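Thanks, everyone. Let me put the model up and walk you through a few spots.

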Amino acid sequence: MESDTPQMPLASFDLLDQQVAQALQLDGRAPFRRIGEVLGVSDQTVARRYARLRTSAGLRVLGLSDPLRIGLTPWFVRVRCAPDAAASIGEALARRTDTRWVSLLSGGTEISCLTYASRPGTDADALLLQKLPATPRVVQVTAHALLHVFFGHDLSPVSRTGPLAPDQIRALRPPPVAADGEPVVLNAEDRRLFGALTRDGRTPAAELAALTGWSQTTVRRRMAELRASGALYYDLDFGPGVLAPDMRAVLLLEVEPAELAAAGRALAAHEEVAFAAATTGTANVYAALLCRDARALYRYLTGPVAAIAGVRRMETAPIHRTLKGPSPYLDPARATRS
C-alpha cells in the first residue's frame, strides 16, 4: 500500500532499531533468529523492529547485482543541460531499468547517473552514443567507465556509523568475496531471481521458487553461489530524509597513476566517503561524499583529501537532489507493503 507517513531520521530511533538496521546492512537476508542471537534479543523482537523501520523509516532491503561481477561495464555519465530541462531528463533516465543513482548536480544544471553495458550495440550503448546527445536542451554528455570499486555500493552511512560492536559485526558480516574471478553468466531464471530481489531482498524462498521454476533448495543454493561470487550483494534503501545529510557531493580527482591504488585505499578509510572507484578519463577517481554541512565538506576537502599523495586536480559538484538510488524507480510516492 502507499504510505504517506512522515519519515523519521534513523538517529531518532532507539539503539536496538539502529542495531537492526546495521545488521541488515551487513547481511540483508540474515534470519531474524541469527540477528537476535547477536543482539541478545528474541527473533520476534527483531521482526517487530524490522516492521517498525519499514513503516517509519521507509526501510527496504535490496538484493542487487554487482555489474562488474556479471560481465557488465558500469559507466559514470554526466549530462549538462538547460536548467529547465534537467528535471524532466533526469526523470526519464531514472525510469530506465539500466540506470542507478540518478542525481541532479550543481543546482540543477547537470545530471549524473550510472548506466551499464555488456557490449557495443546494447541499449545502454545507444543511450550514450545516440539518445542523450540528440536530446533537446542537452548541452554536453561525458561518460567514463568504472574500473574498480575501492569502497561501497551504496550511499548509506549505516555500515560506518551504526552502533554494532566489532565482534557483532564479525558475527554478521558474510565471508569476503574473492578479488578476482571470471564474470558470472546469468540465465533467464537468474534474471527473474534478481528482478524479485531488487524489489525486496527478503522475498521468501517459496515466492522466488515460484518465479524461477526452481525448487526452494535450488533457490537457496543459487543465491549462496551468487553471493559467494560477489554477483549478488544486499543493500538498504530508506525513505526521503532518513539518512541524507545536509551536504552531499560528487568528488572527482585526477591522481597520478602510480598513486591511484593508494589514493583509493585512503578514500575507502574516510568516514565521509560512501562510494569510491577508479574510472577512465583524466579525472580517474570518482567518489560520493556525505558531509554534515558545507563547513564539514570544506574541512574534509582541505584536510584528508588534500593529504592524499599524487592528487593533481580536484573537482566537486554538490548533489541537489537524488531521483533514483540503487533500487527500481518509484514514481513518485513510495510504496510499502502492508
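N187 is partly exposed, at a relative accessible area of 34%. On that scale, buried means under 20% relative accessible area, exposed means over 50%, and partly exposed is in between, with a 1.4 Å probe and protein chains only. N187 sits in the loop between helix 7 (166-172) and helix 8 (188-199). Helices here are DSSP runs of H or I with at least four residues, strands are E runs of at least two, and both are numbered from the N terminus. The N187 side chain reaches the backbone nitrogen of D190 at 2.7 Å.

A word on the source. This is a predicted model: local features need pLDDT of at least 70, side-chain atom pairs count only at pLDDT 80 or more, and totals for chains, interfaces and linings use all residues. Residues are numbered from 1 along each chain as its sequence is written, and side-chain values use heavy atoms, with hydrogens and water left out.

Next, a helix pair. How do helix 9 and helix 10 lie relative to each other? They are roughly perpendicular, a label for angles of 65 to 115 degrees. The axes of helix 9 (residues 205-212) and helix 10 (residues 216-229) cross at roughly 95 degrees and come within 8 Å. Axes are lines fitted to C-alpha atoms, for helices over the stretch in contact, and angles run from 0 to 180 degrees between N-to-C directions. From helix 9, A205, A206, L208, A209 and T212 meet Q216, V219, R220 and M223 of helix 10. Contact means heavy atoms within 4.5 Å.

Now strand 4 (residues 110-117), which holds S112. S112 is buried, at 3% relative accessibility. Beyond its neighbours within four places in sequence, S112 is in contact with F76, V77, W101, V102, S103 and L105.

F76 takes us to the aromatics. Rings of Phe, Tyr and Trp (its six-membered ring) pair if their centres lie within 6.5 Å; planes under 30 degrees apart are stacked, over 60 edge-to-face, the rest tilted. The count is three aromatic pairs. One of them is F76 with Y286: tilted, 4.3 Å centre to centre, 45 degrees between the planes. That pair joins strand 2 (residues 73-81) to strand 9 (residues 285-291), 210 residues apart. F76 is buried at 4%, and Y286 is buried at 12%. Y286 also pairs with F275, edge-to-face, at 6.1 Å and 65 degrees. F275 lies in strand 8 (residues 273-279), 11 residues from Y286. F275 is buried too.

How values were computed: A polar contact is a pair of N or O atoms within 3.5 Å; within protein, one must be able to donate a hydrogen and the other to accept it, and residues adjacent in sequence count only if both atoms are side-chain atoms. Angles under 35 degrees count as roughly parallel, over 145 as roughly antiparallel, 65 to 115 as roughly perpendicular and the rest as oblique.
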